[in-house]
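Subject: Structure handover

Hello,

Please read them with the conventions given along the way.

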Amino acid sequence: MPESAPKQAPRGVVTDNLVSLQSFILEEEARYPSATGEFSWIISAISLAAKIIAHKVRHVRLQNVLGEDGITNVQGESQLHMDVIANEVIMRVLGGRKSIAVLGSEEDEEPTILRRGHEGGKYCVLFDPLDGSSNLDTAVGVGTIFTILRNDPKIHGAVETVCQPGHQQVAAGYVLYGSSTVFVITTGHGVHMFELDAAVGSFMLVKRDLQMPPKKKIYSVNEANADGFPQGFQDYLKWAHTEGYSSRYIGSMVADVHRTLVNGGVFLYPPTTKHPNGKLRLLYEANPMSFLVEQAGGSSITAKGGRTMDIQPHELHERVALVLGSRDEVAAVARFVK
Ligand code: AHG
Ligand code: MN
Ligand code: MN
């Protein structure tokens with residue numbers, strides 16, 4: 001056998017076990033002897049919703065569900081059929097999980113209270129059911145973003161209950177419906193990536209403890225808005241152009257952040273003329289992505305350079321300007337915007 005051939009593991013030693021998301025969750029749960037399995041049930045429900053949405057997203061034209069619903073949602077954006085369908089799938093799957101107190105969605109003005117703390121409601125789940133949905137008609141990658149928070153039974157209002165800073169998240173993740181269907185999650189112990197094997201119907205572990213490269217000369221921003229960026233961001237872009245950076249922007253946050261997480265680089269949505277506080281939603285877009293990026297060795301800051309996950313939210317649909325990605329790349333932006 002030529003020297004360069006990879007060394008075979010000695011027989012009987014399996015080096016790359018086949019691990020499904022289900023078994024990974026149970027493995028994680030076993031780390032906590034007092035675990036009741038309720039948290040695992042929630043992740044399992046999200047993965048079921050993801051499989052259902054993946055199937056629908058991949059047949060939007062065949063099932064004739066492209067197009068608008070004719071309703072303007074709380075974001076002031078026209079709701080697409082698929083936004084509503086994805087929202088209903090998640091609500092119907094998560095609604096049956098007994099440990100969930102509150103559900104909050106980008107598509108619904110108010111949170112949905114399922115049960116109080118004394119009725120067993122231990123967790124709140126916030127989500128963007130279909131991120132980047134304006135790209136559906138051109139078959140560009142779209143996604144679902146979710147975050148899990150603890151329910152504090154002492155707090156009565158649903159909005160007050162879910163308005164927690166990002167550093168209090170229990171878990172966060174996204175599903176990217178791209179050239180493959182990828183499920184990425186953190187529970188605070190690293191970032192782990194799964195890929196859907198549709199034939200088997202399981203998300204299979206493809207990367208344990210993903211770590212971002214600290215540097216990568218790629219920035220991801222909608223440069224069409226640059227004239228409206230604060231001067232510091234404009235100065236950063238001028239600097240990046242002289243430093244030979246490349247630009248990649250898909251216009252689906254999940255796809256742009258996934259590329260940044262896997263390859264490195266920096267994703268920015270600065271304040272613009274149209275969105276002076278930034279466009280992305282703090283609770284169910286910026287915070288979950290920031291949790292993942294920090295767990296993968298990167299960082300996430302706001303337009304003034306403060307840590308995104310330290311912001312105290314006040315509204316469910318609050319927007320924030322965002323810079324996240326490789327540690328050294330975010331630091332380079334911070335030097336111009338602080
Ligand atoms: P959503 O489809 O959930 O409303 O989110 C769209 C967001 C995000 O996915 C993306 O990063 C951003 O909008 C793109 O905004 P621009 O088109 O203004 O660049
Ligand atoms: Mn979104
Ligand atoms: Mn959305």
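Helix H5 passes helix H8 in a right-handed crossing; a crossing counts as right-handed if the near helix is turned clockwise from the far one by less than a right angle, and as left-handed if anticlockwise. H5 covers residues 231-242 and H8 residues 327-337, and their axes come within 8 Å and cross at roughly 130 degrees. That angle makes H5 oblique to H8 (under 35 degrees is roughly parallel, over 145 roughly antiparallel, 65 to 115 roughly perpendicular, and the rest oblique). On the H5 side the contact is made by Gly232, Phe233, Asp235, Tyr236 and Trp239, and on the H8 side by Ala332, Val333, Phe336 and Val337, where contact means heavy atoms within 4.5 Å. By class, seven of these residues are nonpolar, one is polar and one is charged (Ala, Val, Leu, Ile, Met, Phe, Trp, Tyr, Cys and Pro count as nonpolar, Asp, Glu, Lys and Arg as charged, and the others, Gly among them, as polar).

This is a predicted model, in which local features need pLDDT of at least 70 and side-chain atom pairs count only at pLDDT 80 or more, while totals for chains, interfaces and linings use all residues. Residues are numbered from 1 along each chain as its sequence is written, chains are lettered from A and ligands numbered from 1 in the order written, and side-chain values use heavy atoms, without hydrogens and water.

Helices are DSSP runs of H or I with at least four residues, numbered from the N terminus. Axes are lines fitted to C-alpha atoms over the stretch in contact, and angles run from 0 to 180 degrees between N-to-C directions.

Helix H6 (residues 253-263) and helix H7 (residues 282-295) have axes that come within 11 Å and cross at roughly 15 degrees. H6 is therefore roughly parallel to H7. The contact involves Met253, Val254, Val257 and Leu261 of H6 with Glu285, Ala286, Met289, Leu292 and Val293 of H7. These divide into eight nonpolar, no polar and one charged.

Helix H1 (residues 21-29) packs against helix H2 (residues 38-57) at about 165 degrees, with the axes 10 Å apart. H1 is therefore roughly antiparallel to H2. The contact of H1 with H2 has three nonpolar, four polar and one charged residues.

Ligand 1 is surrounded by 18 residues, the closest being Asp131, Gly132, Tyr249, Met253 and Tyr269 (a heavy atom within 4 Å).

- Asp131: a polar side-chain atom lies 2.7 Å from an oxygen atom of ligand 1.
- Lys279: a polar side-chain atom lies 2.9 Å from an oxygen atom of ligand 1.
- Ser133: a backbone N or O atom lies 3.3 Å from an oxygen atom of ligand 1.

Regards

How values were computed. Helices (H or I, at least four residues) and strands (E, at least two) are DSSP runs, numbered from the N terminus. A polar contact is a pair of N or O atoms within 3.5 Å; within protein, one must be able to donate a hydrogen and the other to accept it, and residues adjacent in sequence count only if both atoms are side-chain atoms.
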